Amino acid sequence: MIIEKERAELENKREFISKKEPLVSRENRKTVGHPIVENPRMTCRNVNVYYGDKHAIHDVTLDIGRNEVIAMIGPSGCGKSTFLRCLNRMNDTIDFCRITGAISLDGKNIYDKDVDVVPLRAQVGMVFQKPNPFPKSIYDNVAYGPKIHGLVQNRVETDEIVETSLKKAGLWEEVKDRLNQPGTSLSGGQQQRLCIARTIAVGPEVILMDEPCSALDPIATARIEDLIDELKENFSIAIVTHSMQQASRVSQRTAYFHLGDLIEVGSTDQVFLNPLHQLTEDYVTGRFG
Amino acid sequence: MSETNIDIVKQGLEKRYGAEKRFRIYGVCAIAASLIFLAFLFISIGTNAYTAFQQTFIRLSVYFDPEILGDTTNKESLASANFPAVVKQSLLKMFPEVQSRSEKKQLTSLISSGASYYVRDMFIENPALVGETVQVWLPADDDVDMLIKGHVERGVEEGERRLNNNQLGWIEKLEKDGNIEKRFNKIFFTTGDSREPELAGIFGAVSGSFFTMIVTLLFSFPIGVAAAIYLEEFAKKNRWTDIIEVNINNLAAVPSIVFGLLGLAVFLNFFGMPRSAPLVGGLVMTLMTLPVIIIASRAALKSVPPSIREAALGVGASQMQMVFHHVLPLALPGMLTGAIIGMARALGETAPLLMIGMVAFIVDVPSGFTDPATALPVQIFLWADSPERGFLEKTSAAIMVLLTFLIAMNALAVILRKKFEKRW
Amino acid sequence: MKGKKIFAGLGVAAALTFGAITFNSNAIADSARDYISVVGSSTVYPFATVVAEQFGKTAGFKTPKIESTGTGGGMKLFCGGVGVQHPDIANASRRMKKSECEMCDKNGVKDILEVKIGYDGIVLGASKKSSAMNITRKELFLALAANVPEPGGAESVVPNPYKTWKDINPSLPANKIEVLGPPPTSGTRDAFVELVMEVGGSEFAWIKALEKADKDKFKSICHTIREDGAYIEAGENDNLIVQKLDANPSAFGIFGFSFLDQNGDKIQGTPVEGVVPTFEAIADGKYSVSRPLYFYVKKAHVDVIPGMKEYLKEFASEKAWGEDGYLSEKGLIPMPDDERKSFSKDVQTLKNLSCGDL
Ligand SMILES: Nc1ncnc2c1ncn2[C@@H]1O[C@H](COP(=O)(O)OP(=O)(O)OP(=O)(O)O)[C@@H](O)[C@H]1O
Ligand SMILES: [Mg+2]
């Protein structure tokens, strides 16, 4: 219901904004808008990704700012997940996946030879589309990351980090009495929040979220969106979503991908209300995709 | 009137359900058939085997005659003391009418030639028995045993029996006096092989199999699992890993005798390990079970959902941590199942053991990895090949023991799987 | 984490065992073996094992280990060399071949003692339920050879045309020819071919002449057993043949005498040339299809392996291989008195076998 209302509001707003320039034509695949920000957390320059012979990402240049939520949208198969997975080198696990260009975290290229993926992934955490808690207890799920990274020395510290992480993920009240039960016994929404707690327990700088709410109902979705809003105080967040409402609710900037190209980047309001590119307009108005 | 879709669907329904019903019937038939075969196997072996768990004993009043035994005070002379004569004397005393030499021989052959060992052991335990008379149940000869158990007809002509009329008469007298009795055959479960069926036991072979399997488990499981983990999780997929994979699959299908030949060439001839030792048997079986374990373990690793791997990597686990903390525990039940199935196959194998000298007559129960030993299936093979009638039931009994072990191992596989799977 | 522990535990265990093993096996290779190792013929196996067991239980030494490898396989192991990893004694259901003796010599096994232990009869058995049939070796040859002399009398062979015993000799019953016997790998089969097929074939003068003129042709006629279903290979297991005969009264089976001895209530021995295979008939040489059994001793081991002398003494004692010895109870046919005496002396003096005598 809420969403219906928002949609109507959005449509209304769009009516009032007058278009200053003509839209960039569909044939033009150069990124329009503002991919570059001041004082970024992560920078991506001319990133190309290949799955074997398949060229999945074409020459993408994009920054992720500090304490911002950037949404990535686009039709299915356009390469959002692929791009996101490049940001913490998750694609390394795929043998035939090849990446060119430069992606830096705090000025350091993460694809440099001397970069170790293990600390990188502690700095750039990831939450997946399908909740995937470990088949261990709730407690162990959250404690696992800090333990392997040596962030905690004893039980007291572990207890503390588990509690604060679960609190930040908004799950503490629901699970504090059953921390020893398996993580897989939680509901889908709870599991996803557990996964978020697990990610933030390691204290990352950036959190990548790949359609974190696609398996959840509106109420669980709303909780996670609230959570994202709170988390951005401390973290930079990149979120892939198929829901434009979600993008507009949680994000400050939005990037629109199309068939492996980054078409348009801008402030969320601008991209949704006043897109610069014809393809973006087609997508956000529902004419495409 | 034209048919609507739902009508067409309904027309087809009967055929579809028919197909389903037929398939179920086929399934039930297949299972019933295999159950019948299994039951047949068990019943036919079981009916032959159960008599082997009993043994005919004869009760004798053994008089430890100091004259026959001579000096029993020191060990040396005790070893050469004539215990067989003590046993024979006791039997002859029961039938005072037997006088001629040949008759005496016929009479004393009713008792097992091994009976004197039991009397000797009894005496060594309690040397105070000298000059005393004790009632003892001693194993009867296998011919008597077969007769009492009804495996030999009493009716056939004298010349065709292994026991003559005199002997039958004595046995009947013993029966009448309650001096002959079938009792639980403890010998079968506690001794090694023997050429006398009434003295032959399965324990030597069981121990041999046990030591062999321990060696097999200790080598094949860690090596197999490590190889599987490396190939599945760490090795780059390229032409070499493909070649290795093809070869492993081939190895799993190689006839087991080939592993025996390999074991002979490598372990015996090259490394100079002892012949007939469970250690070498275990190593050969390791070669044989390794491919099975590797294949099963790789399948188990493959079946671990990728989301778990991503989750682990996503929080910054290293490849190694991901494998050992998350993937391995989930794959372990599958690996254990594979290992146990491989071990069960190894337990029933004789062909490779032939080449390394474990097909042998070995009386002493092995007590270590380098003692000469046989294995259960070898014992079955050797007994099946023995001319004495008494070994027929022993063979079946040994098969029962082997089947029991196989069932136990497979049950263990199921239990382990259940246990590990139930954890979450 | 549990997985890791299990894995690590097993790994450590494996490493330890391997360490222990390499250590152990070296120790074993260096030190002397304390039990006698015997290999060889499966025909001698039932007799050698009885002696071994008797010896192990009474002499105060460990029970010898006896492997049933077949005569040829046993010779190969026996002649492998001198040293504790090689067997001390080889059992044989035939005499050692010259080639085997030379192989021994080449590998340093120079001094060998040969001991004949007795005889084994090969029996053509049938179920007790059938009526006995007297047969000759010539008839057996005609019944079982793949190619037989042309029935018309020409000096050439034709594929075996005989279907029933009556086809061979009208006085025999009209039963289908059906003989269960051991496969070519078996010593019993070797002996059968030599004692029955070769002799039976030589009844034909022209085949006998071939033995000198064209040995290969002679062998191919006498050694090739028909494969059209009349001869059924029943595996190495003589017990199985006995059981099958019981179920099929019209069939015959070829096996060692000890199996007849143990199954006298079910199986009867077929008289060959009028002689019934009985203990006495084989012992005094009347029954023609019998073969001597031997064992060979590596003299270099006699003083190294504990108990060797005592084992030999046990084997060559009257209570073992004598007329009433325990081996005769197991079906071994004893040698005549003077032959026993002579071999018993050989055992005492450890008489040397020279390859030239073979
Ligand atoms: N592991 C892979 N191997 C080969 N091709 C892949 C692989 N993963 C993705 N691709 C290809 O790369 C392209 C981009 O895929 P990606 O998963 O990034 O799309 P997406 O934008 O996340 O789509 P969705 O919204 O459906 O999740 C697709 O054409 C896909 O087929
Ligand atoms: Mg995706």
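I looked up R41(A) and found a salt bridge with E205(A), the closest N and O atoms being 3.7 Å apart. (A salt bridge is a side-chain nitrogen of Lys or Arg within 4 Å of a carboxyl oxygen of Asp or Glu.) This pair links distant parts of the chain, 164 residues apart. R41(A) sits in strand β2 (residues 40-51) of chain A. Strands (E, at least two residues) and helices (H or I, at least four) are DSSP runs, numbered from the N terminus. I noted R41(A) as buried, at 13% relative accessible area. Buried means under 20%, exposed over 50%, partly exposed in between (1.4 Å probe, protein chains only).

The model is predicted: local features need pLDDT of at least 70, side-chain atom pairs count only at pLDDT 80 or more, and totals for chains, interfaces and linings use all residues. Side-chain values use heavy atoms, without hydrogens and water; residues are numbered from 1 along each chain as its sequence is written, and chains are lettered from A and ligands numbered from 1 in the order in which they are written.

Next I checked a pair between chains. E196(B) forms a salt bridge with K330(C), with 3.7 Å between the closest N and O atoms. The pair crosses from a loop of chain B to a loop of chain C. E196(B) counts as buried at 14% relative accessibility, and K330(C) is buried at 7%.

Last, I searched the whole structure and got 52 salt bridges over all chains.
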